[in-house]
Amino acid sequence: MRRIKNHCKKSLLSLVTLIALGQNLHAAGADDPMRTMFLMDKFEILNNDENTRVWEGSFYIGYDIDKLYLYSEGEATSDGLETSQNELVYSRAIAAFWDIQAGIAYDKNDDASKTWAEIAIAGLAPYFFETRAALLFNSDGNVGLRLDAEYEALITQKLILTPSLEADFYTKDDPKMHLGSGLSAIEAGLRLRYEFVREFAPYIGVTWEKTFANTRDYNPVNETNLMVGVRFWF
Amino acid sequence: MQRRTFVKGLAATSLVAFSSTSLQAKSKRTSISNSNRLSGNEFFLTIDYTTVNITGNTAVATTVNGQIAGPTLVWQEGETVTLHVSNKLKKSSSIHWHGIILPSAMDGVPGISFNGIAPGETFTYTFKVQQHGTYWYHSHSGFQEQTGVYGAIVIKPKRKEPFSYHKEYVIQLSDWSDEKPTTIYKKLKQMSDYYNFSQRTVGTFIDEVKEKGFSKAFSDRSMWNSMRMNDRDISDVTGYTYTYLMNGQNPATQFKVLFKKGEKIRLRLINAAAMTFFDVRIPGLKMTVVAADGNHVKPVKVDELRIGVAETYDVIVQPKKNKAYAIFAQSIERSGYAMGSLTPSSTLLATPPKMDPVPRLTMVDMGMDMGAMNKKEGTGMKCSSGMKMPNKHNMKKYKFQAMEDQKYPITKLPMSRGVQTTMMAMSPKYRLDDPGVGLRHNGRKVLTYADLKNRYSTRRAKKPDREIVLHLTGNMERYMWSINGIKYADAKPLIFHYGERLRITFINDTMMNHPMHLHGMWSDLETGDDNHLVKKHTIIVQPGSKISYRVTVDAKGAWAYHCHLLYHMAGMFRKVVVA
């Protein structure tokens with residue numbers, strides 16, 4: 001825990017340095033120019049009654065070791081309801097395949113919202129599982145754990161099947177935000193995309209989402225939906 | 001053949017416009033062998049932007065005297081040459097004379113040997129030519145080499161050479177992309193397998209199950225996947241974006257080497273590519289290798305040879321039939337090829353042979369000891385796993401390994417294991433007689449380093465005074481490259497002592513071939529016979545292997561020492577100071 005704390009301190013310091021020095025860091029080496037990447041991993045419409053629109057994307061700016069990440073995921077329905085989870089974190093590579101991240105998260109549930117402090121690890125686990133685990137802390141004393149894993153199976157060089165799994169846990173109930181303690185929600189997905197080019201791939205797929213325990217009382221969900229969407233990056 | 005390769009091959013290579021007139025007033029211009037040659041003692045070279053059409057689309061290249069490849073420079077051993085290089089680009093530029101022994105200030109590496117040539121400036125290089133053979137020149141600034149700043153150097157020998165031929169041609173291989181090099185580099189950083197369209201698929205696994213049975217196929221896959229390694233990771237940049245060229249000609253227009261039946265033709269093969277290793281053969285003909293990196297070797301007859309980026313080979317061929325032979329240079333990962341015709345008539349073109357199958361890396365390429373594996377000694381290779389730092393035990397074991405074949409005192413160098421490295425070859429072996437991934441057991445006689453013997457005795461060369469061990473390291477996932485886990489920007493210069501004989505051992509901890517180039521001094525490669533060490537300037541270090549060579553430190557000053565793959569170079573680089 002102390003190591004994580006130290007890392008956070010270091011991270012914040014580096015973040016300040018990163019912003020302050022900006023382009024000057026470029027001079028550090030031709031091998032590591034400053035770069036950005038915008039990835040809209042999921043941008044889709046479900047075929048349910050609300051025609052739920054779902055997005056999940058990320059943006060980073062930075063270098064090999066230090067990056068500033070913005071994550072956003074959420075959904076909007078045709079009757080105007082919108083929920084989202086947004087994160088702004090400083091990310092630092094600490095091992096060959098792993099980054100440690102620290103920053104703030106901002107959840108929105110229609111009119112209600114909640115801000116968290118966040119630390120996370122993200123990277124490529126053995127067997128090529130793209131994973132991220134985030135720990136969240138808010139001023140109510142609630143602690144959240146959000147886990148993400150994704151795998152890419154190549155059917156051909158351009159046709160790619162992606163199973164994914166997401167699970168959220170909390171230590172306290174938060175009725176306004178529709179978060180219950182314990183295992184709160186699980187979402188599993190299976191998407192089949194075709195990469196016309198690496199940067200652009202339409203897909204079809206299916207998701208299953210279920211809420212549990214108190215979360216289910218606030219927001220009962222147990223549905224399976226087909227979807228179409230498009231994945232793109234630049 | 002991939003459709004894309006074919007489509008790209010259709011369009012003719014042409015230089016659309018010259019944006020400036022080249023200054024060649026004092027250079028004699030002769031057109032021997034269908035390529036632009038400049039000879040004499042004084043040369044005027046201009047680096048400028050030129051609009052080219054190599055793929056069917058126009059793109060802006062950076063060129064020497066308005067052409068791709070640049071003019072072939074013909075020098076005479078023993079004479080002094082003067083080269084005036086004008087930079088008309090908007091950015092700093094330079095020319096490095098690859099493999100040429102010269103004073104440090106003439107070596108042309110910005111930041112090490114000089115300040116570079118500023119836009120609008122002319123720099124004059126002058127030095128005495130002390131060698132002969134086949135070499136090349138290229139920009140050492142940014143990615144200009146990728147966009148066309150390269151050309152061949154032919155140095156005529158003072159004394160008669162120990163072989164004969166009727167005609168000679170330069171065969172310069174390269175890779176061209178319409179994409180900007182900065183774009184290619186950015187894409188590799190964003191997604192390191194962006195250009196790899198020969199990945200494993202679900203079908204590959206099913207085929208392997210049929211071939212080896214489920215449990216063997218599964219355990220093999222499990223080993224690679226648990227280490228997050230890809231056995232199809234052969235080249236970072238492929239025919240998806242590259243068009244492969246022979247003397248600036250694409251496979252459709254074809255460079256032509258003309259012969260009369262029975263003539264002996266000397267081909268001076270140069271790999272001037274930014275990122276591509278080529279496997280060269282002329283189906284139906286044996287090639288007699290007579291020189292490597294400019295220096296004579298004992299003649300070896302082969303069917304095929306692998307030429308690493310920046311290497312040169314001189315081969316002699318003797319066509320016996322009145323037909324067109326293909327000079328076929330397929331890229332190591334088989335995504336495309338450069339091709340020309342060895343033909344009795346310029347209207348008669350050869351048809352390309354079929355490309356070989358996509359190669360797969362094996363456990364040997366990962367530096368694994370198959371014997372130890374069978375003994376259940378573990379995987380023989382340590383990967384950075386999870387959040388754990390590489391542990392002390394393994395480090396110790398690793399150092400011990402290097403000590404085992406120590407014959408000379410080893411100077412320890414700083415080493416780091418962290419974000420920069422994803423693997424470590426635990427049992428790296430000398431693999432001099434290994435033709436390399438994709439060329440093993442292909443039924444052809446393929447040249448290996450073990451076949452190379454210096455034409456002349458090196459018996460009297462001094463024995464090494466000391467040894468250094470350098471690990472080639474990288475993180476393919478993040479696209480980071482380094483030496484000893486430390487990238488150039490974070491590294492201290494290597495200190496070589498003037499007058500010493502140094503042994504350098506490379507251990508390749510990555511899954512890629514790295515062509516390592518030491519400027520200013522010869523690399524005397526150990527190929528099994530210490531009395532005939534091969535004089536080279538660029539040494540391929542095969543994945544998971546080790547290789548040793550000796551350097552007579554006889555050139556004072558600062559020198560560059562690096563991997564010649566253009567997109568590896570910025571990190572996998574050291575400054576060498578000879579003092």
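A residue is buried if 20 or more other C-beta atoms lie within 10 Å of its own, exposed if 12 or fewer, and partly exposed in between, with C-beta atoms placed from the backbone. By that rule, 29% of the 234 residues of chain A count as buried.

This is a predicted model: local features need pLDDT of at least 70, side-chain atom pairs count only at pLDDT 80 or more, and totals for chains, interfaces and linings use all residues. Residues are numbered from 1 along each chain as its sequence is written, while chains are lettered from A and ligands numbered from 1 in the order in which they are written.

Chain A has 2 helices and 13 strands (DSSP runs numbered from the N terminus: H or I of at least four residues, E of at least two). Contact means C-beta atoms, placed from the backbone, within 7 Å. Among chain A contacts between residues at least 6 apart in sequence, 42% join residues at least 24 apart.

A nonpolar core is a set of buried Ala, Val, Leu, Ile, Met, Phe, Trp, Tyr and Cys residues joined through C-beta atoms within 7 Å.

| Core | Residues | Members include |
|---|---|---|
| Largest | 149 residues | B:Ile153, B:Val289, B:Ile327, B:Ala329 |
| Second, separate | 11 residues | A:Tyr71, A:Val89, A:Trp116, A:Ala120 |

The four listed for the largest core touch the most other members. Leaving aside neighbours within four places in sequence, B:Ile153 contacts B:Leu73, B:Trp75, B:Trp97, B:Tyr135, B:Trp136 and B:Tyr137.

The contact between the chains takes 29 residues from chain B and 23 residues from chain A. On the chain B side, helix 2 (181-190) and helix 4 (214-226) each supply at least two residues. Helix 2 of chain B gives the most, with 3 residues.

Terms used. Two residues are in contact if their C-beta atoms, placed from the backbone, lie within 7 Å.
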